[in-house]
Amino acid sequence: MIASTKHQAVLTAINDNKELEGALLPILHQIQHDLGHIPSEHVADIAEALNLSRAEVHGVVSFYHTFTTKPHGQHVIEVCRAESCQAKGGREIEAAVKEALGVDYEQTTDDGQITLEPVYCLGNCACSPSIKIDSQIYGRLTTQSVEDLIQSLRSEQH
Amino acid sequence: MIRVEHPNDPNKDYGTPSAVSLNDLADGVAFETVTGTIDGVDITVPKGTSIMRASALVDINIPKLCATDSVKAFGSCRLCLVQIEGRRGFPASCTTPFEDGMVVTTQNTELADIRRGVMELYISDHPLDCLTCSANGDCELQDMAGVVGLREVRYGYEGENHLDEVKDESNPYFTFDPSKCITCSRCVRACEETQGTFALTIENRGFASKVSPGQSEAFIDSECVSCGACVQACPTATLSEKSIIEAGQPEHSKVTTCAYCGVGCAFKAEMQGDKVVRMTPYKDGKANRGHSCVKGRFAIGYATHKERMTEPMIRDSINEPWRTVDWDEAFEFAASKLKGIQAKYGRKSIGGISSSRCTNEEVWLVQKMIRAGFGNNNVDTCARVCHSPTGYGLKQTLGESAGTQNFDSVEDCDVVMVMGANPTDAHPVFGSRLKKRLREGARLIVVDPRRIDLVKSPHIQSDYHLKLMPGTNVAFINTMAHIIVREKLFDADFVAERCETEAFKEWMTFIQDEKNSPEYNEAVTGIPAQDIIEAARLYATGGNAAIYYGLGVTEHSQGSTTVMGIANLAMLTGNIGKRGVGVNPLRGQNNVQGSCDMGSFPHELPGYRPVSDDAVRASFEQAWGAELDGEPGYRINNMLDAACAGKYKGLYVQGEDIAQSDPNTKHVEEALRNLDCLIVQDIFLNETAKFATVFLPGSSFLEKNGTFTNAERRISPVRKVMEPMGGKEDWEVTMGLCNAMGYEMNYSHPSEIMDEIAALTPTFTNVSYERLDKEGSIQWPCNDESPEGTPVMHIDEFVRGKGLFKVTEYVPTDEKVTRRFPLILTTGRILSQYNVGAQTRRTDNNVWHNQDLLEIHPSDANDRGITTGDRIKIQSRSGETHLTAKVTERVQPSVVYTTFHHPESGANVITTDNSDWATNCPEYKVTAVQVAKVMSDDKNSDWQDQFEEFSERQVEYAGLDTEEETA
């Protein structure tokens with residue numbers, strides 16, 4: 001994505017939300033959604049628009065897992081590491097996903113397609129173990145079914 | 001039963017701020033109280049007081065880490081937990097308000113176990129290098145480990161930790177060592193609440209939490225302004241002064257007053273022997289309330305800089321090297337020269353200039369020497385070139401040559417109008433106090449051609465930024481009044497009761513003239529009519545409205561007129577004589593107010609009384625045993641003109657650098673060269689001293705006793721912490737010269753001079769060193785009518801009786817823009833440097849500003865093919881100099897701006913001889929200029945080349961090391 005388009009997306013997010021009370025989070029969500037990350041070089045624009053300091057915006061961005069400062073892959077896979085999933089074999093799922101993708105948590109595959117992140121409970125404990133791919137949650141997984149999911153996600157791209 | 005209203009120990013940390021405002025406390029306003037019991041002690045405190053503070057007030061000191069009384073309670077460290085009868089659990093005492101009937105226990109075994117457990121966690125991730133740590137002896141973490149009886153850390157030290165975090169040493173004055181950080185957020189909160197810069201945050205969360213300047217940057221690359229509030233708030237060694245790391249903890253301290261700007265902050269000079277190791281803002285300082293800026297807090301290295309002049313020197317002409325002599329020879333040499341001049345050219349052919357950087361007592365002696373010893377009134381002071389219109393304008397309208405409020409008053413403002421002032425740069429501690437009030441909801445009108453930081457910065461936004469063209473202040477202020485009258489928003493009752501009726505009627509006729517309407521003046525000031533109409537409505541109807549102004553008001557051909565216009569506006573709306581309102585000049589230098597009070601003007605004896613008044617003169621003649629001249633003497637500009645004309649031949653200059661600071665440098669230099677004897681008394685070989693034939697070494701504020709009077713009329717003590725490097729305090733030098741002149745002075749301590757001041761000056765009658773030592777500071781008038789001093793003036797009536805409305809007709813300046821000189825140059829200051837820079841240029845503050853730049857708007861820059869970093873030529877009718885360009889939208893089109901902190905910049909080569917009609921205060925703020933890119937390889941103008949050559953030669957003559965000192 002070229003810089004000016006990035007900047008444009010940031011300005012759009014600011015304009016769309018700045019009149020809201022507590023506009024910072026909605027702005028960040030929109031930027032994260034549109035760009036897959038919050039570009040550090042444009043934090044100053046957000047701060048300026050809301051009359052905050054760069055430090056304050058940085059504090060919020062770095063506080064929430066939801067926001068990242070490096071671009072995400074096209075897709076995000078979140079593996080649940082909370083109690084229920086761990087009790088139902090979540091660690092094996094975790095290992096299988098890492099193996100299949102060839103990356104660790106907070107990393108993106110070399111082709112820039114898939115980012116792997118840990119999550120602590122998806123609210124799907126009755127169907128543990130669970131993962132989330134983009135906005136879709138999958139439950140009652142086995143190492144096989146999770147490999148299949150990743151396989152189909154990859155083939156979908158090509 | 002112990003009833004506590006306010007703490008009296010400025011060296012104690014009460015944990016959380018007072019629940020009662022300073023102003024309410026000072027005025028004795030009644031407040032609600034609550035009564036309960038803490039550890040068996042019955043206590044009554046103001047409602048809203050935290051349990052922690054209530055306890056501290058009776059010396060029950062609950063362990064704490066994240067709480068300090070300069071910032072709001074945070075409740076994060078979990079060390080200050082207590083038990084409250086009838087409540088479950090262990091609430092934090094910092095965030096829990098004390099209530100009626102509450103029974104609190106602060107110490108028992110359960111609480112002790114919890115606290116020890118908390119400390120164990122902290123210490124499990126903290127270096128165990130207490131003995132070699134820079135905070136050893138001044139570490140709250142260490143203290144708390146002791147208080148809770150920490151004996152072991154069950155978790156061990158091997159787990160994941162932060163001990164390998166890298167230290168940030170980018171700031172020249174302090175270091176940030178994250179390995180020692182306990183993430184208490186005190187620094188972040190101090191940066192936000194105390195300073196108002198919001199440069200810091202805590203990034204990430206949980207174990208990864210870390211203090212981050214800007215976006216995870218080094219301190220120097222962030223918005224940090226190096227005020228020191230974070231360092232002050234830090235409970236550990238995480239944020240430490242480099243001077244302390246190098247020298248160790250101080251072993252004694254003295255409270256004194258900062259020698260930089262007119263805010264007059266109180267500081268503790270923390271010492272090891274006769275060496276200052278740290279300056280820390282003093283909590284009981286009533287001007288600064290425990291806050292500081294980069295200059296007062298850190299920039300004191302100049303005081304012991306290698307270029308300090310410590311020996312008297314004389315020479316017969318400026319074209320020969322100096323000879324070092326002893327004090328007596330220097331005094332004899334100077335006195336015989338001056339006497340010789342008087343014998344040849346007459347009594348009035350000599351005079352002197354006092355300094356706004358010196359103490360009241362020193363200034364008093366200078367004017368006394370000139371009046372009684374020289375036998376004339378040729379005394380003036382640097383206030384001539386800054387706030388003389390304030391003295392004149394406020395005397396005329398209100399009856400006293402001083403601001404009407406104290407700084408605490410800002411806490412009661414509802415509307416603030418800042419005109420021609422840049423408080424966050426030039427008066428930073430007041431700037432922070434103002435920003436705090438603005439964050440609480442006060443409204444703001446900024447009147448300035450340039451976009452200063454107050455217009456918009458984190459959590460601050462002006463309601464109106466009225467960008468007027470330089471030189472149109474009077475048209476602006478008249479328009480404000482016109483609108484308020486036209487819309488009948490003025491306080492008719494106040495005017496009828498408090499002001500002179502006839503004068504008001506005359507003024508009403510004048511102000512209603514169409515020429516003062518916003519519609520007419522839109523083209524004059526450049527301010528859209530609608531904007532000024534709304535701003536005027538806000539000022540008149542928004543509640544308590546205060547005007548704060550600076551040199552952008554005074555340094556104009558109509559400076560005095562604008563000051564009177566400001567006073568008119570305040571009287572018209574009844575915004576005078578109570579808290580939260582008033583007319584507030586922000587004085588430039590530490591003792592401008594004092595040097596004016598002390599009779600430094602050629603037409604006024606101390607206390608602003610005319611020399612022509614026989615009765616006043618008689619009282620001085622009797623006390624001083626000398627006949628005094630009833631004719632006003634020369635002002636600085638008259639002295640210079642007369643010197644050029646060959647009529648004025650001898651000049652004594654104490655601590656002022658007219659060769660750099662006064663306008664039209666070439667004219668000043670010509671005058672100085674024409675003198676037969678120029679005596680300069682200064683701590684450095686300043687630009688003026690390079691034209692001198694007698695040099696008398698001065699003493700810094702750390703080397704003498706005395707008092708400074710700040711912008712709020714507050715007289716504060718200056719205390720000697722080290723011996724004068726030249727062997728004499730400045731008042732002793734003046735005394736030596738005066739005695740050599742044949743007029744005997746015999747003081748053994750400045751307190752004796754203050755006694756003389758009090759005896760002869762009605763506004764100082766009850767001021768004494770004894771009282772200053774006891775009370776810390778006093779705001780004049782302090783006499784039998786106001787025995788406690790006067791925080792707010794003109795309460796029931798004006799000093800002159802009735803307030804006087806003055807007709808303030810707008811007369812455009814003669815300094816016109818033309819095709820040849822199409823731009824207006826205006827000048828100002830920057831945070832890190834101070835005035836002519838003699839002090840700050842000799843400190844690490846140069847890291848932030850090592851040269852004066854010319855700010856120019858992109859459109860003007862484009863027209864001329866100028867980009868940031870280009871060397872450009874600035875020409876006015878007076879002269880030409882070269883500076884480096886900075887293209888910025890801070891300035892508006894057709895206005896350019898620069899600072900004057902560096903002598904080689906030659907900012908005053910450009911400025912003209914135009915001045916205020918009433919006081920001759922130079923019109924620094926308006927000079928018609930042309931700018932163009934320098935095409936040749938010649939980096940400097942002819943003047944700059946000559947300056948460099950002359951300066952180098954003079955430095956050599958003085959035997960100084962010529963090597964450039966860089967940060």
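What share of the contacts in chain A with a separation of 6 or more comes from residues 24 or more positions apart?

## Chain A

Residues 24 or more positions apart account for 57% of those contacts in chain A, two residues being in contact if their C-beta atoms, placed from the backbone, lie within 7 Å. This is a predicted model, in which local features need pLDDT of at least 70 and side-chain atom pairs count only at pLDDT 80 or more, while totals for chains, interfaces and linings use all residues. Residues are numbered from 1 along each chain as its sequence is written, and chains are lettered from A and ligands numbered from 1 in the order in which they are written.

Chain A holds seven helices and five strands, which are DSSP runs numbered from the N terminus (helices H or I, at least four residues; strands E, at least two), and their order from the N terminus is α-α-α-α-β-α-α-β-β-β-β-α.

## Where chain A touches chain B

Twelve residues from chain A and 18 residues from chain B make up the contact. On the side of chain A, helix H4 (residues 54–63) gives the most, with seven residues.

## The sheet of chain B

In chain B, seven strands form an open sheet with mixed pairing, in the order S14-S13-S28-S27-S26-S15-S16, where two strands pair if DSSP finds at least two bridges between them. Strand S14 (323–324) and strand S16 (379–381) of chain B are at the edges with a single partner strand each, so one side of each is left without a neighbour in the sheet.

Strand S27 (residues 677–682) and strand S28 (residues 694–697) of chain B run parallel and are joined by four bridges; Ile679(B) has Val694(B) in S28(B) as its bridge partner.
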